[in-house]
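Here is a short report on one helix and the strands around it. Please keep the structure in view while reading.

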Amino acid sequence: MKPLLLFLFFVLGCGLSDGVQAQQRTASSPPNTKQMLVYTHTNGYRHASIETGVATLLNLARQEGIRMDHTEDSLLFNEVNLSKYQLVVFLSTTGDVLGADQEKAFQKFVEGGGAFMGIHAATDTEYEWPWYGKLVGAYFESHPEEQEAALQVTHAKHPATAHMSPSWKHYDEWYNFKDINPDIQVLMQLDEKSYQGGTNGANHPIAWYHENAGGRAFYTGLGHTDITFNNPIFQEHLRGGLRYCLELE
């Protein structure tokens, strides 16, 4: 090949290589992008709304510039993998969903400042692990049939409830709880006079947060149905929970 052609081949080749690398850097997440892991493993009842919930969270994550991964593989709960994330979301998990080694890795993640968000059946999870019970804030005990109930906002300045009316009505599956962590900060209460089957009485929290385990923790009991995940009020509730957990508020 002649010297001139060799020179042009070298220049064009280098330019093409640099262009591909630049495109890959642009497509990847910026260094400071928040990352979250959504976990939906079930070892018991499986909610039909899980797929809609994942799609809703992915849409919210994209809007907020958060990178989201989704898994049902408990083996991803190890120190190396969890170190990539600032938030882990348990979306309607049920039963025993982590082994002993995975529990240790997850506990270390939270105690080291990692955030946790639980949605609906996250309280129907890991009954034999007291540390998790305190993290999620309570355990599911029972529920009546799905129906409309009145919710009372008790913390109107939190990003998860700031958009809500002081009292509003919603159709969902309403959990009764046991072993409620006394350190939770309640965001919304259920008015048991507004529906049938409540057993917690005048103190019936349905959404809360706390920072007693190391990192921030947020839980909402709403989210049984696809309709709930398509509700703009609930979507903003989840957005506020994400922003609180990732300190974006």
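Which residue just after H2 takes a positive phi? Gly-65 does, at about 75 degrees.

This is a predicted model: local features need pLDDT of at least 70, side-chain atom pairs count only at pLDDT 80 or more, and totals for chains, interfaces and linings use all residues. Residues are numbered from 1 along each chain as its sequence is written, and side-chain values use heavy atoms, without hydrogens and water.

**Helix H2.** H2 covers residues 50-64. At 1.5 Å a residue its 15 residues should span 21 Å, and the end C-alpha atoms are 21 Å apart, so the two agree. Its buried residues (under 20% relative accessible area) include Ile-50, Val-54, Leu-57 and Ala-61. Down the axis of H2, the buried residues fall within an arc of 165 degrees, so they line one face. Their cover includes strands S1 and S3 and helix H7.

**Core.** Leu-57 and Met-36 are among the residues that touch the most other members of the largest nonpolar core, which has 69 residues. Met-36 is in contact (heavy atoms within 4.5 Å) with Leu-57, Ala-61 and Val-89, among others.

**Strand S3.** In S3, 5 of 5 residues are buried. Leu-87, Val-89 and Leu-91 point one way, Val-88 and Phe-90 the other. The strand pairings (at least two DSSP bridges) are tabulated here.

| Strands | Bridges | Direction |
|---|---|---|
| S1 and S3 | 4 bridges | parallel |
| S3 and S4 | 5 bridges | parallel |

Val-88 is the bridge partner of Leu-37, and Phe-116 in S4 is the bridge partner of Val-88.

Definitions and conventions. Helix = DSSP H or I, 4+ residues; strand = E, 2+ residues; numbered from the N terminus. Expected span 1.5 Å × (residues − 1). Buried < 20%, exposed > 50% of the residue type's maximum accessible area, 1.4 Å probe, protein only. Arc of directions from axis to C-beta. Core = buried A, V, L, I, M, F, W, Y, C linked by side-chain atoms within 4.5 Å. Lists of a residue's contacts leave out its neighbours within four places in sequence.
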